[in-house]
Amino acid sequence: MSSSDFIDFEDDIPYDPNQSERENIEIELLLEGVHRLYGYDFRNYAAPSLRRRIWHHVHSEQLQTISGLQEKIFHDRECFERFVNNLSIPVTEMFRDPNLFRVFREKVIPLLRTYPYIRIWHAGCSTGEEVYSMAILLHEEGLYDKARIYATDMNDRSLQMAKEGIVGIQKMKQYTKNYLEAGGTRSFSEYYTAKYNSVIFQPFLRKNIIFAEHNLATDRSFNEFNVIFCRNVMIYFDETLRNRVHSLFHESLSHFGVLVLGAKESIHFTDFTDCYEALDREEKIYRKVK
């Protein structure tokens, strides 16, 4: 999920393509009910990893069956919230994949300098580290004052953490390394204040960030953007949902807008392959051309 990535739990539930019809029905009913009761749509997530994650949650709730989990989720809001959190455990860090941010400085920042106003959408922003990385990058390039960053996620707990801008101090060594490798031009410590076992990002980094709940599987476009970041989220979607999200991004990008995907994702083999040109094929940075 940078994004709210999903942990593909390695447990003792092997994927069997000939799994029982009963289990298929249980999963279908659970996902349909979650969608109808709570508005969260997991029906088009990749089946093998989703199945493993559902069974992991069955066990974490000390239950025996998916039907038992369904009953508890339908009648217990807190159980449902744990279910969503377990499916969207955040895996992110500041300047994750540093070379991507270095290439972004070299190839995308010159384009953004030509705009009077910049809108950037981080879809699936998780706990916000990627968002604050972008704020720092724009600040160093002298563009932050004319930018707005929209940071969205379906996980409310992750969004609350992102809004607070607080991370564990034990992460700073790795984050500083990433920042320098990404082309950072200052002392990384200028951007946060240490307090006890945590650090909090400087308030000026949050002033142009708008955090909001948004579900890529169900929600619509809400603005026009010059840049969209969505990294390591769609690898957990099936083909139908991937095309749905790519349609959403294509609709949301301005002409010559930039789309940034994760290392294992691509614009190819989607309905929108011909709508983009690669600014950097290796780092999965594409520009909308039609």
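**Exercise 1.** In this predicted model, work out in which sense strand 1 (residues 118-123) and strand 7 (residues 225-230) pair, and over how many bridges.

*Solution.* Start with the pair itself: strand 1 and strand 7 run in the parallel sense, with three bridges between them. For a handy reference point, look at I120, which sits opposite V227 of strand 7. Now zoom out. The open sheet has seven strands, ordered 6-2-1-7-8-10-9, and its pairing is mixed. Strand 6 (209-213) and strand 9 (276-280) are the edges, each pairing on one side only. Going from one strand to the next, the twist averages 20°.

**Exercise 2.** Find which strands helix 7 (residues 129-140) touches as it packs on the sheet.

*Solution.* Helix 7 touches strand 1, strand 2 (147-153), strand 6 and strand 7. Then check direction: helix 7 makes about 170° with strand 2. Helix 11 (residues 239-252) packs on the sheet too, with strand 8 (253-261) among the strands it touches, and the angle between those two directions is about 140°.

**Exercise 3.** Describe how helix 1 and helix 2 pack.

*Solution.* First get the geometry: the axes are 12 Å apart, at an angle of about 80°. So helix 1 is roughly perpendicular to helix 2. Next, list who meets whom: E23, I27, L30 and L31 from helix 1 meet L50, R51, I54 and W55 from helix 2. Sorted by type, that contact has six nonpolar residues, two charged and no polar ones.

**Exercise 4.** Identify what caps the N-terminal end of helix 4 (residues 77-87).

*Solution.* The cap is D76, with a side-chain oxygen 3.0 Å from the backbone nitrogen of E78. Further along, the buried residues of helix 4 include F80, F83 and L87. Their cover includes helix 1 (21-38), helix 2 (47-60), helix 3 (66-75) and helix 8 (156-164).

Key: Residues are numbered from 1 along each chain as its sequence is written. This is a predicted model: local features need pLDDT of at least 70, side-chain atom pairs count only at pLDDT 80 or more; totals for chains, interfaces and linings use all residues. Side-chain values use heavy atoms; hydrogens and water are left out. Buried means under 20% relative accessible area, exposed over 50%, partly exposed in between (1.4 Å probe, protein chains only). Helices (H or I, at least four residues) and strands (E, at least two) are DSSP runs, numbered from the N terminus. Contact means heavy atoms within 4.5 Å. A polar contact is a pair of N or O atoms within 3.5 Å; within protein, one must be able to donate a hydrogen and the other to accept it, and residues adjacent in sequence count only if both atoms are side-chain atoms. Axes are lines fitted to C-alpha atoms, for helices over the stretch in contact, and angles run from 0 to 180 degrees between N-to-C directions. Angles under 35 degrees count as roughly parallel, over 145 as roughly antiparallel, 65 to 115 as roughly perpendicular and the rest as oblique. Ala, Val, Leu, Ile, Met, Phe, Trp, Tyr, Cys and Pro count as nonpolar, Asp, Glu, Lys and Arg as charged, and the others, Gly among them, as polar. Two strands pair if DSSP finds at least two bridges between them.
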